[in-house]
Amino acid sequence: MGSVTGSISISAPFADVFAVVSDPERLPDWCTDFARASRKDGDHWTVDTPFGPVEVRSSADRGTGVVDFRVVSEHGDHRAFTRLIAVSGNESEFVFTRLFGAGEGEAEAPQLLAVIEGRLKALASLF
């Protein structure tokens, strides 16, 4: 098992960024390669992706800035762990770690990191 991690500084208050990253309905706003639409489906979210619908479970803790995601589909079980850090009143740092899923390893790390970096840039562009 391994992982890839990326981070980005965002010129926005913690509360504003947390409101976006902790809301699965907002995934299409910053995970544009993955989420086309998102809707509440019982105790999880169903996200329409280029590969078909997937189940997304998330947990968020505003006090620690932690937002974790688990994506379950016929393509496997993927997990991402994020942390939002208040740097100052108008500056936040967002850290995104993605564990390797089934069939993924170090060989896929550069591609996975490029995906993460694209998502981080898309997130920062919202502010």
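Trainee: Why is Pro50 called partly exposed?

Mentor: Buried means under 20% relative accessible area, exposed over 50%, and partly exposed in between, with a 1.4 Å probe and protein chains only. Pro50 has a relative accessible area of 44%, so Pro50 is partly exposed. Please bear in mind that this is a predicted model, in which local features need pLDDT of at least 70, side-chain atom pairs count only at pLDDT 80 or more, and totals for chains, interfaces and linings use all residues. Residues are numbered from 1 along each chain as its sequence is written, and side-chain values use heavy atoms, with hydrogens and water left out.

Trainee: Where is Pro50 found, and what is Pro50 in contact with, leaving aside its neighbours within four places in sequence?

Mentor: Pro50 is in the loop between β3 (44-49) and β4 (52-61); strands (E, at least two residues) and helices (H or I, at least four) are DSSP runs, numbered from the N terminus. Contact means heavy atoms within 4.5 Å. Leaving aside neighbours within four places in sequence, Pro50 is in contact with Asp33, Phe34 and Arg36. The C-alpha atoms of Pro50 and Ala35 are separated by 7.8 Å, although these residues are 15 apart along the chain.

Trainee: Ala12 is found in a loop too. Is Ala12 buried or exposed?

Mentor: Ala12, in the loop between β1 (3-10) and α1 (14-21), has a relative accessible area of 5% and is therefore buried. Not counting residues up to four places away in sequence, Ala12 touches Val17, Asn90, Glu91, Ser92 and Phe127.

Trainee: What makes Thr82 buried?

Mentor: The relative accessible area of Thr82 is 4%, so Thr82 counts as buried. Thr82 has its place in strand β6 (residues 76-88). Beyond residues up to four places away in sequence, Thr82 touches Gly65, Val66, Val67, Asp68, Phe69, Phe94, Val95 and Phe96. Of these, Val66 is 16 residues from Thr82 in sequence and 5.8 Å away in space, C-alpha to C-alpha.

Trainee: Why is Leu84 called buried?

Mentor: Leu84 is buried because its relative accessible area is 2%. Leu84 also lies in strand β6. Apart from its neighbours within four places in sequence, Leu84 is in contact with Phe14, Val17, Phe18, Thr64, Gly65, Ser92, Glu93 and Phe94.

Trainee: Which residues touch the most other members of the largest nonpolar core?

Mentor: A nonpolar core is a set of buried Ala, Val, Leu, Ile, Met, Phe, Trp, Tyr and Cys residues joined through side-chain atoms within 4.5 Å. The largest has 32 residues, of which Ile10, Leu27, Trp30, Phe34, Val56, Phe94 and Leu123 touch the most other members. Helix α3 (residues 109-125) gives the most to this core, with six residues. Leaving aside neighbours within four places in sequence, the contacts of Trp30 include Phe94, Ala122 and Leu123.

Trainee: How many helices and strands does the protein chain have, and how do you know that it is as compact as a globular protein of its length?

Mentor: The protein chain has three helices and seven strands. Its radius of gyration is 14 Å, close to the 14 Å that the globule rule gives for 127 residues, so the protein chain is as compact as a globular protein of that length. The radius is taken over C-alpha atoms, and the rule is 2.2 Å times the number of residues to the power 0.38. Of the 127 residues, 40% count as buried.
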